[in-house]
Amino acid sequence: MAKMAASVVEHGEDAFRKLFKFYKRRNPPPDFSDVIDFSKCLLSDKVVSTKLDPAAVSDVEARMVGLRPASDWRAFGLQGYPGFIFISNPFLQDSQSFWVRQCMKTYPQKPNVCNLDLHMSPTETEDIWGKSADILRSPPSGKREPKTLLEKLRWVTLGYHYNWDTKTYSANHCTPFPVDLHSLSRHIAAVCGFHGFNAEAGILNYYRSDSSLGIHVDESELDHTRPLLSFSFGQSAIFLLGGTRREDPPTAMYMHSGDVMVMSGSSRLLYHAVPRIVPAPKDDPSHPALETQGPGSGPDQGLTQNSTQEESALVERVSEEDWAVCSRYMQSSRVNMTVRQVLGPGQSFPETPHKRIDGSQTEGCHHGSLNGGSGAQKRRRSDSSDTVV
């Protein structure tokens, strides 16, 4: 634990919460000098290099989902956190814009579920992008205007839909998991040594500049031997990674746009949180600002060139019209995707009667109708929210 954090809290009752409040504080602003920045590639007694398996994914497979060759990735770990892997922006230039567009335009579409469904009718939330895009494309008027539906998004769930009230998944509440995100997750997991990872559930969190994510543990999945993957886009965040108890003081680190975190092994069930969103770094070649990554902003880097029908690339260039909406939103926002495998080999939910909700192409999720039902129970509960506020 670094000197500044140590001056705030030592081991003791709810040490995590004290440091969470320290970094969330607005006035006076906190000192960020103890926050680890993996983009600077500075190894220390705390930050270590992590060996990956680049041969697990070919360069062609990586390019198909917008990733650079795995041999070029920079991966790190933390002393005292076995199983924690931090990959500093493995994405090709321009490909982040595709994933941002998916998070804003495609993934909030029905039959996926979002926070707006809790207090709006299905008709009102049927086309969130279409009802928001024209407003966000227009130059700011300078007047205080009502928020668009996109600006009101806080979370979207994919595949096995997480029940925020019961902290469970269920076989009876499942929709097809996106094929492109399944492929991206499978390749990341394979390079990290987790072959056969099956992306079955996703939670997308949408952060504004004043948002935070409460202290929690992701433990609702039935199989904890599979890793949890986290993808960050847009503005940066302060991420706190703690221990198995609230009394364990956490380590603070930056998550910049394009960064990927993998929580596995004994780090899979650690407390973590996001107390603060901070502006993305300027003039950092390893993390180019998202507004510079729109259509035609730079060299193709293999995003679409040399593709063949056999490669069938999943990532495509974003239109200027769509990027006008995305870039306006991301100027002050962050989107985070977390992907999980819910069931291990041979595992199943207690429910037996179930059916597929439609015949769409799907990967990962092979159960479900939208009728609710009991699901996997959490072993323990955190008294903090695990939703963005």
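What follows is a conversation about reading strands, sheets and helices in a predicted model.

Colleague: Before we turn to details, how many helices and strands does the protein have, and what share of its residues is buried?

Modeller: The protein has 8 helices and 13 strands, and buried residues make up 57% of its 389 residues. Among contacts between residues at least 6 apart in sequence, 81% join residues at least 24 apart.

Colleague: In what order do the strands of the open sheet stand, and which strands are at its edges?

Modeller: The open sheet has 9 strands, paired in the antiparallel sense, in the order E1-E2-E3-E11-E8-E13-E6-E5-E4. Strand E1 (47–49) and strand E4 (113–114) each have a single partner strand, so one side of each is left without a neighbour in the sheet. Further in, strand E6 (residues 201–207) runs antiparallel to strand E13 (residues 334–340) and is joined to it by 7 bridges, with Tyr-207 having Arg-334 of E13 as its bridge partner.

Colleague: Which helices lie across E13?

Modeller: Helix H7 (residues 179–191) lies across E13 as well as strands E3, E5, E8 and E11, and runs at about 115° to E8. Helix H8 (residues 320–330) lies across E6, E8 and E13, running at about 100° to E13.

Colleague: How should I read the side chains of a strand, taking E10 as the case: which residues point one way and which the other?

Modeller: In a regular strand the side chains alternate between the two faces of the sheet. In E10, Thr-251, Met-253 and Met-255 point one way, whereas Ala-252 and Tyr-254 point the other way. Strand E10 (residues 251–255) is mostly covered, with 5 of its 5 residues buried. Its pairing with strand E9 (residues 236–241) is antiparallel and extends over 5 bridges, and Met-255 of E10 is the bridge partner of Ala-237.

Colleague: Why can helix H4 be called largely enclosed, and what do its buried residues pack against?

Modeller: Of the 12 residues of H4, 10 are buried, so the helix is largely enclosed by the rest of the structure. The buried residues include Phe-98, Trp-99 and Arg-101, and the buried residues of H4 pack against helix H6 (149–152), H7, E6, E8, H8 and E13.

Colleague: What span should the 12 residues of H4 have, and how far apart are its end C-alpha atoms?

Modeller: At 1.5 Å a residue, H4 (residues 95–106) should span 16 Å, and its end C-alpha atoms are 16 Å apart, which agrees.

Technical notes
Residues are numbered from 1 along each chain as its sequence is written. This is a predicted model: local features need pLDDT of at least 70, side-chain atom pairs count only at pLDDT 80 or more; totals for chains, interfaces and linings use all residues. Side-chain values use heavy atoms; hydrogens and water are left out. Buried means under 20% relative accessible area, exposed over 50%, partly exposed in between (1.4 Å probe, protein chains only). Helices (H or I, at least four residues) and strands (E, at least two) are DSSP runs, numbered from the N terminus. Two strands pair if DSSP finds at least two bridges between them. Contact means heavy atoms within 4.5 Å. Axes are lines fitted to C-alpha atoms, for helices over the stretch in contact, and angles run from 0 to 180 degrees between N-to-C directions. The expected span of a helix is 1.5 Å times one less than its number of residues.
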